[in-house]
Amino acid sequence: MTTPDYRLTQLETLEAESIHVIREVAAELERPVLLFSGGKDSIVMLELARKAFAPARIPFPVMHVDTGLNFPDVLEFRDKRVAELGVQLVVASVPDAIARGVVKEEPNGSRNRIQTPVLLDAVEEHGFTALFGGARRDEDKARAKERVFSFRDEFGQWDPKNQRPELWDLYNGRIHLGESIRVFPLSNWTELDVWQYIAREGIAIPPLYLAQEREVVERQGMLYAVNEFVRPREGERVFRESVRYRTVGDANLTAAVRSRATTVEEVIAEVAVTRMTERGATRGDDKVSDAAMEDRKKEGYF
Amino acid sequence: MSEPVVDVHSPAAEQAAEIATARKDILRIATAGSVDDGKSTLIGRLLYDSKAVFEDQYEAIERASKGDFVDLALLTDGLRAEREQGITIDVAYRYFSTPRRTFILADTPGHVQYTRNMVTGASTADLAIVLVDARKGMLEQSRRHAFLASLLRVPHLVVAVNKMDLVDWSQETFEAIADEFSAFAARLDVPDLTVVPISALHGDNVVTRSDRAPWYQGPSLLHHLEHVHVASDRNLVDARFPVQYVVRPQSDAHHDYRGYAGTVASGVLRVGDEVQVLPSGLTTSIAAIDGPRGPVQEVFPPMAVTLRLADDLDVSRGDLVCRPANAPQATQDLDALVCWMAEEPLRPRQRLAVKHTTRSVRAVVKELVYRLDVNTLHRDQEATELGLNDIGRVRLRTTQPLFVDDYNRNRVTGRFILVDEATNATVGAGMLPPHRG
């Protein structure tokens with residue numbers, strides 16, 4: 001585990017840094033909440049939160065912004081994990097918000113943008129002052145710029161040109177009423193670190209992340225598994241392919257990748273040699289423009 | 001944009017996985033400079049040559065490149081405003097690894113108006129790279145970057161003399177710059193300085209040694225980054241454990257559990273050690289230590305753990321666990337070097353919030369001793385305020401004692417931040433120099 005020269009490996013260092021961040025928020029901010037989608041990054045973040053306070057329970061609730069377009073496997077996983085840990089689950093529902101007329105469905109079927117007002121409403125309703133997100137800086141160039149403690153004004157907006165200085169590990173969690181802090185404990189983790197940690201700690205993940213023969217259609221060069229949200233369109237050929245998901249977003253817009261990786265160890269081998277970013281390979285919604293993520297984040301997106 | 005399926009049992013995949021999962025440590029690097037110095041090109045080169053650039057990223061910059069070659073500088077500046085203006089405004093973090101090490105690179109702005117962002121990126125660094133254009137030699141900006149790195153006690157400094165191809169790989173030019181820099185660095189008390197001649201554009205001496213400078217006997221930049229010895233940069237002597245959070249499960253299974261969670265700041269703590277808790281000064285011993293994977297016998301920085309003590313003492317967040325014979329100084333008077341980061345200047349009698357380790361107190365500015373000219377290192381004792389990006393010696397009086405060490409000896413207990421109580425903005429970074437008055 002540890003060597004006589006008192007050095008930590010990269011995973012141990014990242015783990016310690018994340019636990020420090022999570023404890024700091026619990027100590028300094030009044031009403032934190034952890035965003036938990038059932039995706040691999042939020043699974044690892046939740047596990048780190050468990051370790052941070054063990055043997056006590058995690059001292060804050062978890063929240064899921066439910067777009068209504070979830071992979072059933074992932075929802076099942078979410079509920080099971082929350083029950084095991086005995087934490088409270090808050091669900092902010094996009095379909096409810098659509099039904100209430102709070103937000104409108106976008107023509108392309110993506111609920112990526114409209115989930116932001118739903119998230120912000122839930123934050124206001126519950127009075128959350130700190131929101132843990134599982135985002136990593138290696139995911140996108142706008143994320144690469146963000147602080148670990150990312151200040152948001154009363155409208156939930158990020159101002160990338162005027163971020164608070166962040167010195168050492170002395171995080172500043174001071175806010176006024178209505179403002180909040182987005183906290184990213186996994187800021188310095190890479191996709192490969194997340195997978196290695198899942199392997200090392202034996203963390204359970206939804207089966208979607210592993211390769212399996214699935215019925216798919218091809219759209220703009222990407223493979224989409226046929227499910228209740230992805231129906232074959234006219235002229236599309238349905239075929240069987242061994243695929244897995246590198247990211248888990250909305251079921252209608254998250255593509256799968258061809259893969260033979262049926263174990264976490266094989267996923268690590270695949271990620272180690274792959275030449276495409278996660279989002280480039282699997283997200284239809286990130287391709288809008290070079291600054292798509294920056295623009296969404298300014299509006300209050302995670 | 002689909003790619004061919006990976007054969008996860010191919011020799012290439014197995015080798016990649018073996019390298020990726022090898023036992024490695026992390027080196028945190030900060031680079032400083034402006035686009036003109038070739039900083040972004042250098043980072044692009046490191047990322048590209050260590051295969052940390054993905055195909056879809058490469059294709060995107062290939063499309064955006066205007067000249068005959070792919071502009072690797074486009075890999076870094078991530079904000080719309082940065083791409084529009086061609087400058088780096090805020091620090092961006094990049095990740096790459098080699099079979100020997102994994103690297104977190106903080107790419108920081110060089111312009112003076114974004115100093116606070118540069119300091120943000122450099123504060124956590126083990127090593128700072130200062131870029132110098134071989135044609136221009138040491139400029140005011142390079143001096144400032146070297147000074148800030150030394151102020152923050154970044155343990156290793158590398159001067160990359162770039163664009164050597166534009167001075168025909170002249171040994172005299174390189175040595176003149178190296179000499180000038182060494183003389184400046186000597187006044188700054190830089191513990192480890194390395195100077196490397198490179199061409200980021202052509203990749204000479206970046207990843208592999210170049211044969212264009214046969215007179216240069218040193219390593220390539222990446223070789224140096226992979227091998228620089230950082231294990232002894234940490235303080236493993238003075239045990240310091242700031243209490244961050246009190247863990248009390250209050251459950252049937254753990255009825256009497258009371259643990260003190262925190263991150264080891266320095267030193268080594270072992271089960272059975274006699275310890276003292278500040279500010280109470282009471283002594284007890286360590287009954288058990290819980291790590292992320294259960295009980296452990298000893299811990300060291302930067303492990304995040306939970307201590308259980310043998311006696312039932314009143315211990316809360318902001319307290320500090322140390323050894324009875326080796327305690328930090330408890331003081332309400334801070335005599336510090338302060339880097340000021342707000343538009344509104346720092347002035348005597350001003351009130352501020354201080355965060356030091358896990359302890360938050362209030363303070364009043366008693367005196368501005370001097371303001372430092374970063375270029376000449378002249379101390380202006382007539383100064384009446386510190387403006388945005390100024391650095392000066394400041395005396396503060398705090399409402400409660402803090403438990404401090406010299407920053408030179410202990411980077412964790414020798415530092416603090418200043419926060420404006422009205423705006424809640426982080427407005428200053430403080431370091432406690434040795435030989436304080």
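This is a predicted model: local features need pLDDT of at least 70, side-chain atom pairs count only at pLDDT 80 or more; totals for chains, interfaces and linings use all residues.
## Basis of the model

Local features require pLDDT of at least 70 and side-chain atom pairs pLDDT 80 or more, whereas totals for chains, interfaces and linings use all residues. Residues are numbered from 1 along each chain as its sequence is written, with chains lettered from A and ligands numbered from 1 in the order in which they are written.

## Helices α1 and α2 of chain A

In chain A, helix α1 (residues 10–28) and helix α2 (residues 40–53) have axes that come within 9 Å and cross at roughly 70 degrees. α1(A) and α2(A) are therefore roughly perpendicular (65 to 115 degrees). Helices are DSSP runs of H or I with at least four residues.

On α1(A), the contact involves Glu15(A), Ser18(A), Ile19(A), Ile22(A) and Arg23(A); α2(A) contributes Leu48(A), Ala49(A), Lys51(A) and Ala52(A). Contact requires C-beta atoms, placed from the backbone, within 7 Å. Five of these residues are nonpolar, one is polar and three are charged (Ala, Val, Leu, Ile, Met, Phe, Trp, Tyr, Cys and Pro are nonpolar; Asp, Glu, Lys and Arg are charged; the others, Gly among them, are polar).

## Interface of chains A and B

Chain B supplies 67 residues to the contact and chain A 63. Helix α1 (residues 11–21) of chain B gives the most to the side of chain B that touches chain A, with seven residues. That side of chain B comprises 38 nonpolar, 13 polar and 16 charged residues.

## Helix α6 of chain A

Eight of the eleven residues of helix α6 (residues 191–201) of chain A are buried (20 or more other C-beta atoms within 10 Å of the residue's own, all placed from the backbone). Among them are Leu192(A), Trp195(A) and Ile198(A). Gly202(A), with a positive phi near 60 degrees, follows α6(A).

Methods. Axes are lines fitted to C-alpha atoms, for helices over the stretch in contact, and angles run from 0 to 180 degrees between N-to-C directions. Helices (H or I, at least four residues) and strands (E, at least two) are DSSP runs, numbered from the N terminus. Angles under 35 degrees count as roughly parallel, over 145 as roughly antiparallel, 65 to 115 as roughly perpendicular and the rest as oblique. Two residues are in contact if their C-beta atoms, placed from the backbone, lie within 7 Å. A residue is buried if 20 or more other C-beta atoms lie within 10 Å of its own, exposed if 12 or fewer, and partly exposed in between; C-beta atoms are placed from the backbone.
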